[in-house]
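Me: I'd like to talk through the cavities and the chain contacts here. Can you take me through them?

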Amino acid sequence: MAGMETAGVGGKVGVVMDSLRDAYGDTLVELGNEGANIVVFDADLAGSTRTSKFAKAFPDRFFNMGAAEQGMVAAAAGASTTGVVPFVSTFAMFATGRAYEFVRQAVGVGHQNVKIVATHAGLTVGEDGGTHQCLEDLALMRMIPGMTVLSPADALETKQAIRAAYAHKGPVYVRLTRDKFPRIHAEDYRFQIGKAVMMRPGTDVLLVGCGLGTSICLAAADLLAAEGIEATVLHCPTIKLFDRETLLRLAKAHRAVVTCEEHQAHGGLGGVVAELLSEAHPMPLRRVGVQDQFGQSGKPEKLLEAYGVTPQAVAAAAKAAL
Amino acid sequence: MPQQKLESVEDLAAKAKALRRDVLLQVYKAQSGHPGGSLSWIDIGVALYYHEMAVFPEDPANPARDRFVLSKGHACPAQYALLADQGFFPKAWLETFRQYPTKLQGHAENHYTPGVEVTTGSLGQGLPQAVGIALGLKVQKAAQRVYCVIGDGESQEGVIWEAAMAAPHHKLDNLCVFHDLNGLQIDGDVKKVMNINPVPDKWRAFGWAVKEIDGHDFTQILEALAWARTVKGQPAMICARTVKGKGVSFMENQAGWHGVAPKTEDYEKALAELAD
Ligand SMILES: Cc1ncc(C[n+]2csc(CCOP(=O)(O)OP(=O)(O)O)c2C)c(N)n1
Ligand SMILES: [Mg+2]
C-alpha cells in the first residue's frame with residue numbers, strides 16, 4: 001500500500017500523469033504559507049495521503065490521531081468550532097465508511113466547517129483489495145444534507161478543488177485516489193464548485209464522467225468517432241451541488257446519456273444523473289461503473305477491465321442506448 | 001493431508017524460518033503487500049498452527065477446529081504461508097497473492113481463502129469478531145478455543161477497547177489474544193504517533209489475565225499458551241514484545257518496510273539470510 005507507485009491507469013505516450021494526492025499535500029502547504037487558518041488531521045496514513053507534506057512544514061498545526069478514524073472526525077468537528085478550518089484525511093474507506101456516523105452527526109447535523117479529503121478511493125486502489133476499495137463513498141457522502149461532494153480528475157483540478165473547499169463555508173468531501181490519472185485540463189482551466197465543464201462537443205450521445213471516469217469517457221468518444229458516432233463529453237467534478245442546468249440542457253440536445261465512474265454504478269454520479277433525468281427529462285440512460293459488487297486485489301488496469309469500467313464499455317453502452 | 005504437528009522449539013524455529021521465506025515470496029511476486037508486520041507475528045503463528053490449535057486442512061470447517069482470527073489483517077502473508085504449508089490450499093497459490101484473479105486477497109477474506117474464518121484488514125474488526133466467535137462457541141458449550149492476533153497501532157482503534165470490555169464481561173476464558181507489540185505503525189513509532197502505553201496495565205484494568213513475553217522465543221510462547229489454558233473466568237492476553245521485519249536484518253525495526261515489497265536484489269539478500 002504505502003510507498004508503492006505505479007505508472008497510473010490510462011498511461012500512454014504523450015499523456016501527462018498526475019498524482020492527485022501530491023497535489024493535495026502541496027496545496028495544503030501553499031495554504032499554510034499564505035497564512036490560512038487551517039489545521040490538518042490524519043490517522044496513521046500521513047505518508048500515503050500526503051498530509052505529511054503539511055506536517056513537515058507546519059508540525060504544530062498537524063495532528064496524527066493514530067489509527068482512530070472515528071475520533072479523528074469528531075475531533076475535527078470540535079476543532080472547527082474554535083475558528084480553525086480542519087482538513088481531515090485518511091483512505092476513503094475509513095473516512096466515509098468507518099467514520100460514517102461521525103461524519104453524518106458531528107459534521108453534517110452539526111453543520112460544521114470541516115473538509116474531509118480522502119485518498120485511495122475506488123477500484124484503482126488495486127492490490128489492497130476489496131476491503132480497501134471504497135466504491136460507495138460518493139453515495140454515502142451525497143446522502144448527507146449540506147455536504148458538498150467533489151471528485152476531481154487531475155492535479156490542476158485537485159489544487160483548485162482544495163482551495164475551493166477551503167473557501168466554501170460548510171462541510172466538503174473531496175474524493176482523491178492512490179493511482180496517478182491522465183491530465184485532462186489545460187493550464188488555464190478554472191474549477192468552480194457546482195460547475196460542470198464540456199470537454200468535447202458532439203451531437204449524438206452525452207458521456208458524463210467524474211474523477212477517472214471523464215478520461216474514460218474521452219477515450220470512449222474517440223472509439224465512437226471512429227464508428228461515426230459523435231459524443232459530447234461532460235466532466236462533473238461536483239457531485240453534490242450538482243450542475244443540474246448544464247446536464248439537462250445538454251441531455252435535451254442528445255439522444256442518450258452514459259455515465260462513467262470508478263464507483264458503484266448506482267448511488268454516485270450515475271445515481272445523480274438517473275434521479276435528475278427520470279424526474280426532469282426521461283430519456284435513454286446507461287450507467288458504467290461497478291455493478292453491485294465488491295472490489296478485489298489486482299492491478300488497477302486489470303480491475304477496471306474486469307469490472308467493465310473502460311472506454312470500450314462506455315462505447316458499447318452508448319451504442320446500446322442509441 | 002492431516003495437520004502437521006511439531007513438538008520441539010528447534011523444529012518450530014526451523015518451520016518459522018521456512019515460512020518467512022514464503023512470506024517474502026508472496027510479497028516479492030506481487031510487488032505489493034506487508035512484509036514487516038507479517039514477520040513480526042509469524043513465530044506466534046507457527047506455535048499456534050503447529051503446536052497449539054486443532055485445525056483440519058482437508059476439512060477447514062470441521063466444527064472440532066480451534067478458531068484463529070488475524071485482526072491485523074494486512075499481515076495475512078504470514079497466515080497464507082501457514083495455511084498453505086498445512087495443506088489448506090496448494091503452495092502454488094502463494095505466487096498469485098494480490099494478483100487478479102487470486103484466492104489470496106490483499107487483506108484476508110473468508111469467502112476467498114480456505115482456513116480464513118472472517119474478513120479483516122480494516123483495523124479493529126478482527127478482535128470483536130473473535131469475541132463473537134467465543135460467545136457463539138460458549139453458548140453452545142463447545143470446547144474449542146479462539147485465538148487472535150492484534151497489532152499495537154491497531155489498538156488505537158476505539159473498537160478494540162469495546163471488545164476489551166466485552167470479553168471479560170462475558171467471562172470468555174475460551175479466548176486467547178496476542179498483542180503484537182512491535183513498536184511501529186505506518187507513520188513511525190507507535191509511541192510518537194499515538195502512545196498506547198502502559199499496555200499490560202490497560203488490559204489488566206479491563207479485566208484480562210495478562211502475561212508478557214518475548215514474541216520470538218518459542219519456549220516463552222508455548223509456556224504462555226499453556227498458561228492461557230489454565231485461565232478461568234476471564235480472557236487471556238499475551239503481550240508479545242516483537243520486532244517488525246524479524247529475521248531480515250535490513251527490515252528489522254524499519255517502519256519503511258511496513259507496506260513495501262522488496263526488489264530482486266533485496267529479495268535475494270533476504271532469502272540468503274533465511275537459508276537453512
Ligand atoms: C480502519 C483502518 N485504518 C487504517 C488502516 C491502514 N493501516 C493498515 S496497517 C496500519 C498500521 C497498523 O499498525 P500495527 O497494528 O502496529 O501493524 P503492524 O506493525 O503489526 O504491521 C494502518 C494505519 C486500516 N487498514 N484500517
Ligand atoms: Mg505495530
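Me: What volume does the largest cavity have?
Reply: First, this is a predicted model, where local features need pLDDT of at least 70, side-chain atom pairs count only at pLDDT 80 or more, and totals for chains, interfaces and linings use all residues. Residues are numbered from 1 along each chain as its sequence is written, chains are lettered from A in the order written, and side-chain values use heavy atoms, leaving out hydrogens and water. A cavity is a set of points on a 1 Å grid over the protein atoms alone where a 1.4 Å probe fits but cannot get out, and its volume is the space filled by probe spheres set on the points. For the largest cavity, that comes to about 330 Å³.

Me: Which residues lie nearest the centre of the largest cavity?
Reply: Its lining takes in 28 residues (an atom within 4 Å of a point). By class, these are nine nonpolar, eleven polar (Gly is counted here) and eight charged (Asp, Glu, Lys and Arg). Nearest the centre are A:D44, B:H74, B:L123, B:I186 and B:H258.

Me: Which residues in chain A lose the most area to chain B?
Reply: Contact means heavy atoms within 4.5 Å, and 29 residues of chain A touch 31 of chain B that way. The buried area (accessible area lost to a 1.4 Å probe, summed over both parts) is about 2,300 Å². On the chain A side, the residues that lose the most are A:D44, A:A67 and A:R98.

Me: Which residue of chain B meets A:R98 in a salt bridge?
Reply: A salt bridge needs a Lys or Arg side-chain nitrogen within 4 Å of an Asp or Glu carboxyl oxygen, and there are two between the chains. For A:R98, the N to O distance is 3.2 Å, and the partner is B:E157.

Key. Buried area = accessible area lost by both parts, 1.4 Å probe. 1 Å grid on protein atoms, 1.4 Å probe; cavity = no way out; pocket = protein on both sides within 12 Å on 5 of 7 lines; lining within 4 Å.
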